[in-house]
Structures are given as C-alpha cells and as structure tokens.
Amino acid sequence: MKKWSWLRWTITQSFWRRSGPRGLPLQWTTWMMILTVRMQQRRARNEDCPASLSVRRQAFLCARLPAYWETAAMAFQCQRDSYAREFTTTVVSCSPAELQTEGSNGKKEVLSGFHVVLEDTLLFPEGGGQPDDRGTINDISVLRVTRRGAQADHFTQTPLTPGTEVQVRVDWERRFDHMQQHSGQHLITAVADHLFGLKTTSWELGRLRSVIELDSPSVTAEQVAAIEQSVNEKIRDRLPVYVRELSLDDPGVEQVRGRGLPDDHAGPIRVVTIKSVDSNMCCGTHVSNLSDLQVIKILGSEKGKKNKTNVTFLAGNRVLKWMEKSHSTEKALTALLKCGAEDHVEAVKKLQNSSKLLQKNNLNLLRDLAVHIAHSLRNSPDWGGVVTLHRKEGDSEFMNIIANEIGSEETLLFLTVGEEKGAGLFLLAGPAEAVETLAPRKVCTF
C-alpha cells in the first residue's frame, strides 16, 4: 500500500456525520476536486483507499466522491441520458422567485412563482448556446430552467414540498429539436474547420433557424456547398456520438476543442465526441448517432459583425418543416401565376417590369393632369383670393407642378394629396406674408 503523503487528513468525524455528499461547504471545494482526481489516478493504478482511513471514510471517498463531482460538473440526468423522457426524483428545496417574460403584447411581464431545486433533473438548464428545456414536475408546468452553480432552478407557479418524490417529464419535441440543432452545429463546425480552416467563434440556436459565426470575412458559395455535402455524408455514415468525462489534469484535455470553461466550473470536463470527426467540451444534450440528425440544410451565409461571417442552417425535423412550408408557398404561387414552379421567377420578373412601366405611365399622366389642373384654376372665374384643391392620387411633385404652372404671388394656394383617413401631404404657396403667417400656426399635416 502506498502512503498518501500528498495530503494531511484533518477531516473530523463530526464533519462526516454532519455533511453528506451534497451540500459540502464551499471551503472544501478545492479539496474535493483534488481528492477526486487523486482517486481516479489511484483507480487507474489499481490502488486502494488508504488503510489509515476508517471503512466509512473509505466508502465515502472511493464510492461517493465521483457521484458528487458528477453533480458539480452539471452532469444531470438529462446529460447522462438525453433520450430519457420521464424521470423520478426528489424535491430538495422550493423558494419564492420571479420570472421576467415577454407578454403577448410584446411588453415585459414579471411572473411570481417558485424556484424548485431537485435532487437530479431531466430538464436541461440553458447553457453552451442551447436554450433550456420545457416540461412538467408532477404535471406542474416548468416555465424556465436555469443553472445556479451545480444545481438547476426550475421556475413554477405552484410550490412543491421539499422531500416529496416527483415525476419529471420533458417536452420531447422541443428537447429532440435542440439535440438535433446542437449536434448539427458540432458537425458543421468541425467540417468547416477541417476543410477550410474556418473557426467557429459563437453560435445561436434560434427558434426557427440556427446561426454559426465563423472567424472569416467571407465564405464562398462553393465552400458552403462543400461543407453541406460533407456533413450529410457523415450523417449517412451513421457515425456514433458519445459523451465522456475527463479530469482536469488529463492530457487528453489539450486535444479537445473548446472556448474555455465557465468561471464557476468544478469537477470533470464533459466532452462530446463524434467518432473520427470531432471532440468538443460541451454541457448540452446531443443525439447518440449522426443518423438521428436525418439531414442538414445550410441556407446560406452573410456578412456578420467584426469581420465575421454568419452561416444559417437547419437540421433534422426543421428541414422537413421548412420543406413543407416552401412546398405550400410554391403551390400558392403556381395558382396565382398560372405557371409551373420552374417558371415562377421569370413570371415574377415580367410582373415587376409591367408594374414599373405602369408606374412610369401613371407618373406621366399625373404630370399632364397637374398642368391641366393648373391652367383650369388659373382660367376659372373664381380665381383669386384663396384656392384649395385635394386629390387622393398624387405626390409632392404633383403639387409642385401645379404651383409652378400657376406662378401667382397674389393668390394663396393650398393643395393636399392623400387618403382622407390616412396620412397625407400639403403645399401652401402664395404671398410671402400670408404663407409666413399661416404655415407655422394654422396649417399642419393631416
């Protein structure tokens, strides 16, 4: 038996009686991390716990410390088994809380409720670019799940009693969608880097589509096509996706892609690996095989902020929904344009050209009409004093033509254009003193 000379054992028996594997005092955090790493090293060397420790302490350190750090590393049930839809656990605490949401009118609303902490959870708290899950606890709706250190806060509007055994159910449609998009992002990121050295700087899992920000001022259409072809080939290859945990001092950590760990991270590092493609630090939920992605469609790329490029994509069921919507639009256009889908673009171009020609002809007619109206007003027996005119059709140029054609400095001219119940324009012309007097005080837009 090798001697544990690296650490003095000064933990008192009363401490072990008072504290369990959960809720360890904060000052022991570093010690526990060291203990876990050392225990993993000893296990790798087939060494036992120190004989100087009591049987009870040996059992705690050798059997229960890994479980504690699995929780501290945010390894919830949803991460250990992303495909689980129901789970039984126990309520640890329930405290009053508030949740800021956006109401139906777009304004911010504050909901009163409770933060429920469970011994373990099936509902993923937001993190790693992935939104949180939705679901129920004993059929009570969970409106938000957030991470707080090593635990997850579930916001509900109904309290739950600590110590109660509860049934947790996840909104599977939302969960599986997030799994598809997140694993899809890992795959696109890895392929873009491998093929063209395009590094991912950030990504967003959106409600309808997702965006990957690449560290490049531009990405060509040929590059996008090559990336899309490669990722779909790997999906057809049915490559497995698996999760493993590495200790902080594991040499393999340096081979893993990632953008750093959260400031409050503790314990092992969670690594998501796509076989022969990518290994990446990640806390999110993922598919277990690329075949579950079904297909990935890259919708295109556009210039982003700070000399970056944004690539928009869909994965899995989102592609099917997009295709269904596109097909419905295609059918509607076919009925309206009276031609096949292959002729839609040409038909719309013809309509645009006809519309531009009609607008040009209409403008010429309005100009001719303005000249005619000006001459009619000028030759009218009622000419003089104040002349008013309103037309629904027309614009500022229409009114200017009338004013210029009349060219009188003796008659006050008040012209208006626009719908009677909508916004419009007006023009006031005539003697300088009258215009100066009336314009600021008497006349306004309607």
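## Close-up views of a predicted model

At 78% relative accessibility, Lys-306 counts as exposed (over 50% relative accessible area, with buried meaning under 20% and partly exposed in between, for a 1.4 Å probe and protein chains only). This is a predicted model, in which local features need pLDDT of at least 70, side-chain atom pairs count only at pLDDT 80 or more, and totals for chains, interfaces and linings use all residues. Residues are numbered from 1 along each chain as its sequence is written, and side-chain values use heavy atoms, with hydrogens and water left out.

**View 1. The whole protein, before zooming in.** The secondary structure comes to 10 helices and 17 strands; helices (H or I, at least four residues) and strands (E, at least two) are DSSP runs numbered from the N terminus. Of the 446 residues in the protein, 40% are buried. Take the contacts with a separation of 6 or more: 64% of them come from residues 24 or more positions apart, where contact means heavy atoms within 4.5 Å.

View 2. Lys-306 sits in the loop between β13 and β14 (309-315), and has a positive phi of about 55 degrees although it is not a glycine. Gln-294 isn't a glycine either, yet its phi is positive at about 70 degrees. Look for Gln-294 in the loop between β12 (278-281) and β13 (296-303). With a relative accessible area of 40%, Gln-294 is partly exposed.

View 3. Gly-197 follows α5, with a positive phi near 70 degrees.

View 4. For the method: on a 1 Å grid over the protein atoms alone, a pocket is an open set of points with protein on both sides within 12 Å along at least five of seven lines, a cavity is a set where a 1.4 Å probe fits but cannot get out, and lining residues have an atom within 4 Å of a point. Grid points are joined across faces, edges and corners, and a volume is the space filled by probe spheres set on the points. α5 (172-196), β8 (200-205) and α7 each supply at least two lining residues, and α5 gives the most, with six. By class, the pocket lining divides into seven nonpolar, three polar and nine charged residues (Ala, Val, Leu, Ile, Met, Phe, Trp, Tyr, Cys and Pro count as nonpolar, Asp, Glu, Lys and Arg as charged, and the others, Gly among them, as polar).

View 5. The buried residues of α6 pack against α5 and β13; among them are Val-224, Ile-227, Val-231 and Ile-235. An α-helix has 3.6 residues a turn, so residues three or four places apart point the same way. Asp-237 is in the loop between α6 (221-236) and β10 (241-246), and is exposed, with a relative accessible area of 52%. The C-alpha atoms of Asp-237 and Asn-289 are 9.7 Å apart, though 52 residues separate them along the chain. Just after α6, Arg-238 takes a positive phi of about 55 degrees.

View 6. Helix α8 (residues 344-379) has 36 residues and reaches 52 Å between its first and last C-alpha, close to the 52 Å expected. Its buried residues include His-344, Leu-366, Ile-373 and Leu-377, and what covers the buried residues of α8 includes α7 (317-337), β15 (386-391) and α9 (396-406). An unreviewed UniProt entry places a "coiled-coil region" at residues 341-368; over that stretch the chain is 89% helix and 0% strand. The second largest cavity holds about 30 Å³ of space, and its lining includes Leu-363, Leu-366, Phe-398 and Ile-401. α8 and α9 each supply at least two residues of that cavity lining.

Notes
Expected span 1.5 Å × (residues − 1). UniProt positions renumbered as here; feature names shortened; annotations may be inferred.
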